[in-house]
Amino acid sequence: MKRKPEYQKRANPVPKEIDIMEVITVSELAKKMNLKASELIGKLMSMGMMVTINQQIDADTAELLAGEYGCKVNIVSLYDETIIETEKDQETELKPRPPIVTVMGHVDHGKTKLLDAIRETDVVAGEHGGITQHIGAYKVRPKNGSSDIVFLDTPGHEAFTLMRARGAQVTDIVILIVAANDGVMPQTVEAVNHAKEAGVPIIVAVNKIDLPEANPDRVKQQLAEYDLLPEDWGGTTLFNEISALNHQGIEELLETLALQAEILELKANYDCRAEGKVIESQVDHGRGIVSTVIIERGTLHVGDTFVAGVFPGKVRAMFDDKGNKLESATPATPVEILGFTGIPDAGSPFQVTESERQARQVGAKRQELEKQGEAQNVKKVTLDTLYDSIQEGEIQELKVVIKGDVHGSVEALQTALEKLSTKEIKLRVIHASAGAIIENDVHLASASNAIIVGFHVRPTPKALELAEQEKIDIRKYNVIYDAVDDIKKAMEGMLAPDIKEEVIGNVEVRDTFKVPKAGMIGGCYVTSGKVKRNSMVHIIRDGVQIYTGKVSSLKRFKEDTREVEAGYECGVGIENFNDLKVGDQFEVYETKEIAKTLE
């Protein structure tokens with residue numbers, strides 16, 4: 001009778017399969033496999049690996065090791081292993097929901113004043129120096145509007161992009177506010193680029209039209225350069241002229257928003273367990289951890305248990321944007337929630353669980369996985385890895401953020417780089433401006449998987465630290481041609497090389513015989529060129545190619561040989577082909593990779 005292996009006779013046998021992350025410590029793997037860590041360390045040493053009990057090994061090594069014990073390894077990600085099942089929405093369950101609108105634009109162009117005008121409350125007065133300090137989320141029902149509109153007032157677009165970098169896409173529409181007296185400013189351009197990258201429709205609000213120096217047409221002209229062409233100029237972008245200070249044009253802007261929301265046909269399921277995204281979190285000394293959450297589907301109730309990112313919790317209390325206590329919150333509602341056990345990141349998923357136990361289990365599992373540094377690894381594009389990283393079907397795209405010392409240099413570099421685009425590879429500059437490389441640039445590059453090109457400028461220490469953390473490739477140049485040359489070479493590396501066949505010889509089969517173990521062998525004569533062992537051959541019979549394969553054996557006078565030249569006889573065996581006939585022709589060829597160049 002066949003004896004069972006030792007590891008199957010134990011009180012706690014090795015499981016048939018286990019789930020692990022991309023990396024795992026030896027001690028964690030031993031626990032999962034019901035083995036002593038010392039046993040695994042011994043195995044690894046016999047495989048030539050010197051490891052310690054707390055050392056991390058990669059998934060391949062773990063798979064090899066587990067295989068020795070007949071255990072199958074499944075590789076999962078942080079949220080795969082801790083997924084909270086949700087039912088798919090049926091079309092009949094969906095009801096209209098309010099649009100979520102983000103207001104973006106240059107500092108001091110009137111973002112908060114606009115919200116003041118809409119909400120008819122004075123937020124600005126409570127802010128330091130009249131500059132927005134936190135993200136605010138407000139639900140507003142316009143006077144003449146039948147449905148609500150939710151506004152996000154951010155300290156700028158960095159929060160918008162930071163959330164997008166974390167996979168949270170909460171905004172339906174962006175209002176781009178531009179002062180009619182200042183026109184398009186650097187942050188206006190950044191806001192346009194961020195909104196475009198997110199694929200969100202933009203409505204332009206031209207503010208401060210009450211000022212004598214206001215020039216709305218100049219704003220339209222400037223924005224037309226960024227593909228935001230007004231409808232009255234034959235474009236598709238909706239423009240509204242407003243004065244946030246005098247409440248002029250506000251109702252028309254809200255009508256435009258309602259129209260855009262109607263086109264988007266925004267709907268959600270109100271009758272399932274609530275899900276949403278964390279907008280911001282903070283520690284309030286009186287109330288503990290407070291997070292602003294936007295509900296995306298379902299209805300949230302006080303007393304619901306949830307997981308936000310890696311932290312479990314229970315809704316102790318909920319408040320709306322005006323500080324009123326709520327018992328429940330429906331889709332597209334921003335709420336402040338009390339009851340978190342930790343501070344979740346902006347953009348973290350928020351999901352209600354079936355029970356407190358499930359919330360604790362999922363939260364604990366995610367924290368354990370995150371501690372091991374096993375959270376999702378985002379592979380960022382670099383010039384060195386373009387060929388591997390950016391292959392999206394036929395069209396490939398390299399996204400670039402350009403920063404330079406002066407506007408003229410930036411324009412020249414942008415023009416030179418964009419000329420490198422071909423049918424197969426598109427180079428797209430998603431943002432270009434003068435100034436040092438700052439954190440905003442890194443956030444945008446991270447959210448868009450872009451590289452940053454600096455011309456005569458350097459990153460700030462904070463931007464550099466963030467780039468290292470986010471694995472963003474920053475390239476610094478002092479000569480435009482060096483930048484163009486570098487990127488051109490990298491793009492040429494992206495192009496799959498052409499594979500060319502080069503015929504190196506022709507062979508004729510003059511006899512055939514069977515050899516035990518080797519199969520059918522052709523007694524051949526090399527008519528031109530040469531034949532090599534392991535060469536590829538097309539077999540041609542009566543002018544038709546019937547098979548393509550590899551030369552598996554090549555002999556001269558019963559001796560193995562590496563190659564046979566024209567005018568000599570030889571014995572040739574073809575891998576996996578035993579139907580050779582007298583008169584067959586072999587076209588012997590080699591393949592060569594020819595690097596493509598940008599035309």
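The face of helix H3 that is turned away from its buried side carries Asp60 and Leu64, both exposed (over 50% relative accessible area, with a 1.4 Å probe and protein chains only). This is a predicted model, in which local features need pLDDT of at least 70 and side-chain atom pairs count only at pLDDT 80 or more, while totals for chains, interfaces and linings use all residues. Residues are numbered from 1 along each chain as its sequence is written, and side-chain values use heavy atoms, with hydrogens and water left out.

Within H3, which spans residues 59–67, Ala59, Thr61, Ala62, Leu65 and Ala66 are buried, a term that denotes under 20% relative accessible area. Viewed down the axis of H3, these buried residues fall within an arc of 160 degrees, so they line one face of the helix. Elements that cover them include strand S1 (17–20), helix H1 (26–32) and helix H2 (37–46).

Helix H5 (residues 111–119) and helix H9 (residues 250–264) have axes that come within 10 Å and cross at roughly 90 degrees, which makes H5 roughly perpendicular to H9 (65 to 115 degrees). Their contact (heavy atoms within 4.5 Å) is made by Leu114, Ala117 and Ile118 of H5 together with Ile250, Leu253 and Leu254 of H9.

Helix H7 (residues 186–198) packs against helix H13 (residues 439–448) at an angle of about 15 degrees, their axes being 11 Å apart, and H7 is therefore roughly parallel to H13 (under 35 degrees). Here the contact involves Glu190, His194 and Glu197 of H7 and Asn440, Leu444 and Ser448 of H13.

Notes. Helices (H or I, at least four residues) and strands (E, at least two) are DSSP runs, numbered from the N terminus. The arc is that of the directions from the helix axis to the C-beta atoms. Axes are lines fitted to C-alpha atoms, for helices over the stretch in contact, and angles run from 0 to 180 degrees between N-to-C directions. Angles under 35 degrees count as roughly parallel, over 145 as roughly antiparallel, 65 to 115 as roughly perpendicular and the rest as oblique.
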